[in-house]
Structure formats: C-alpha cells, structure tokens
Amino acid sequence: MPHRQPIKMIDVRTALGPGELGPFPWDQYERHCLAQGDSWFSIGALPPQFTTNLLIELQLARRTVVTQCARPGKLLRRFTDTTREPDFLRMIKGRLAWRWHAILISGVGNDLIDAVGSSPSQPPHLRLLRTPA
C-alpha cells in the first residue's frame, strides 16, 4: 500500500500571487484540486480541532494541493455568483484559470436550513415543510 500523506490546503491569494516566498510551488504536487462550499470544507469552529472541515484529515497516496474557496454559511445557489464569488470564478475560467484534477463541492446544508425557514404561507413548491392542515 502506498504511503499516504495529508493534503496541502492553500487560499486563492497563495495560489494566484507571488507571496513573500515567491510563487506557490505547484510542481511539487501531483494533483491540484479546487474546493468550493460551506463549512464542511472550511474552518467551521474554533478551536480548529473541533472544526467540520473534512479536508483537513484527508490523506492521499499522491501529493495533493487544494485551493480553498469554501466558507461557512455559503449557499449552493450562490457558488458561481459573479459578485460574491470572484475568486472561485477566477480559478475556473478566464486567463488565470487552472486545469484542475478535481473540483470538490460541499453544499446544500445551508440551502436546506434556508428553505426550512420558508413561511407556511408560501406556495408548496417554495417550502419544504407541510402546513398542519
């Protein structure tokens, strides 16, 4: 069985910019992934050992770097919003786009919570819960 190693997580600024130590060493990693989503892929709690970030504990056989665009509270329907998600869009299209080995998506939880909060007076197709009647 191949040796497994933790993934390296970086933010978009590290991925795009030269930083204090120069450009990010992409060539040291066999796999390049992009993560978009909610708290399952980001720091969801402090202290960090109580976080919900599923990627922190991930170990793979190949050296892998994940560029992180996820944040707690994100809604799936806004993942590609041009105003709220310019970094994610920059990473998947345009002159700064990268050819990713995988794009990891974590969503729907916050969308579900948002939908449960719909008023009972809303039409059935806009709410998840039935009225008492």
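K74 and E85 form a salt bridge (a side-chain nitrogen of Lys or Arg within 4 Å of a carboxyl oxygen of Asp or Glu), with their closest N and O atoms 2.8 Å apart. Both K74 and E85 lie in the loop between β5 and α2, so the pair ties together parts that are 11 residues apart in sequence. The model is predicted: local features need pLDDT of at least 70, side-chain atom pairs count only at pLDDT 80 or more, and totals for chains, interfaces and linings use all residues. Residues are numbered from 1 along each chain as its sequence is written, and side-chain values use heavy atoms, with hydrogens and water left out.

**Overall architecture and confidence**

- The chain has 3 helices and 6 strands, where helices (H or I, at least four residues) and strands (E, at least two) are DSSP runs numbered from the N terminus.
- Read from the N terminus, the order of elements is β-β-α-β-β-β-α-β-α.
- Of the contacts (heavy atoms within 4.5 Å) between residues at least 6 apart in sequence, 70% join residues at least 24 apart.
- Buried residues account for 29% of the 133 residues in the chain; buried means under 20% relative accessible area, exposed over 50%, and partly exposed in between (1.4 Å probe, protein chains only).
- The chain exposes about 9,100 Å², of which carbon and sulfur atoms supply 57%; accessible areas come from the Shrake-Rupley method with a 1.4 Å probe, and for residues only the protein chains shown count as cover.
- The mean pLDDT (the predictor's confidence in each residue, from 0 to 100) is 79 for the chain, and 85% of the residues score at least 70.
- Confidence is highest in strand β5 (residues 64-68), at a mean of 91, and lowest in α3, at 71.
- Where pLDDT is low, the predicted coordinates should not be read in detail.

**Salt bridges**

- The count comes to 4 salt bridges.
- In the K74 and E85 pair, K74 counts as buried at 6% relative accessibility, and E85 is likewise buried at 5%.
- R90 and D87 meet through their side chains in a salt bridge of 2.7 Å, N to O.
- R90 and D87 are 3 residues apart in helix α2, and therefore separated by about one helical turn.
- R90 is partly exposed at 32% relative accessibility, as is D87 at 33%.
- Salt bridges with shared partners join R71, K74 and E85 into one network.
- R13 and D11 form a salt bridge of 3.8 Å, N to O; R13 is exposed, with a relative accessible area of 69%, whereas D11 is partly exposed at 30%.

**Nonpolar cores**

- A nonpolar core is a set of buried Ala, Val, Leu, Ile, Met, Phe, Trp, Tyr and Cys residues joined through side-chain atoms within 4.5 Å.
- The largest nonpolar core has 12 residues: I10, V12, A15, F24, W26, Y29, L34, V65, C69, F88, M91 and W100.
- Helices α1 (12-16) and α2 (86-92) are the elements that give two or more residues to this core.
- Apart from this core lies another, of 7 residues, among them I7, F41, L55 and V66.
- Beyond four places in sequence, C69 touches V12, L34, A35, Q36, K74, E85, D87 and F88.

- Q36 lies in strand β3 and counts as buried, at 0% relative accessibility.

**Nonpolar surface and partly exposed residues**

- L76, I92, I103, I105, V108, L112, V116, L128 and L129 form a nonpolar surface patch with about 750 Å² of accessible area together.
- Strand β6 and helix α3 (109-116) are the elements that give two or more residues to the nonpolar patch.
- Patches are made of residues with over 30% relative accessible area and no salt bridge; like charges are joined within 9 Å, and nonpolar side chains (Val, Leu, Ile, Met, Phe, Trp, Tyr) within 5 Å.
- I105 is found in strand β6 (residues 102-106) and is partly exposed, with a relative accessible area of 47%.
- Leaving aside neighbours within four places in sequence, I105 is in contact with Q36, F41, L76 and F79.
- I105 and L34 are 71 residues apart in sequence, with 8.6 Å between their C-alpha atoms.
- V116 belongs to helix α3 and is partly exposed at 38% relative accessibility.
- W40 sits in the loop between β3 (31-37) and β4 (59-60) and is partly exposed, with a relative accessible area of 45%.
- W40 and G109 are 69 residues apart along the chain, and their C-alpha atoms are separated by 9.3 Å.
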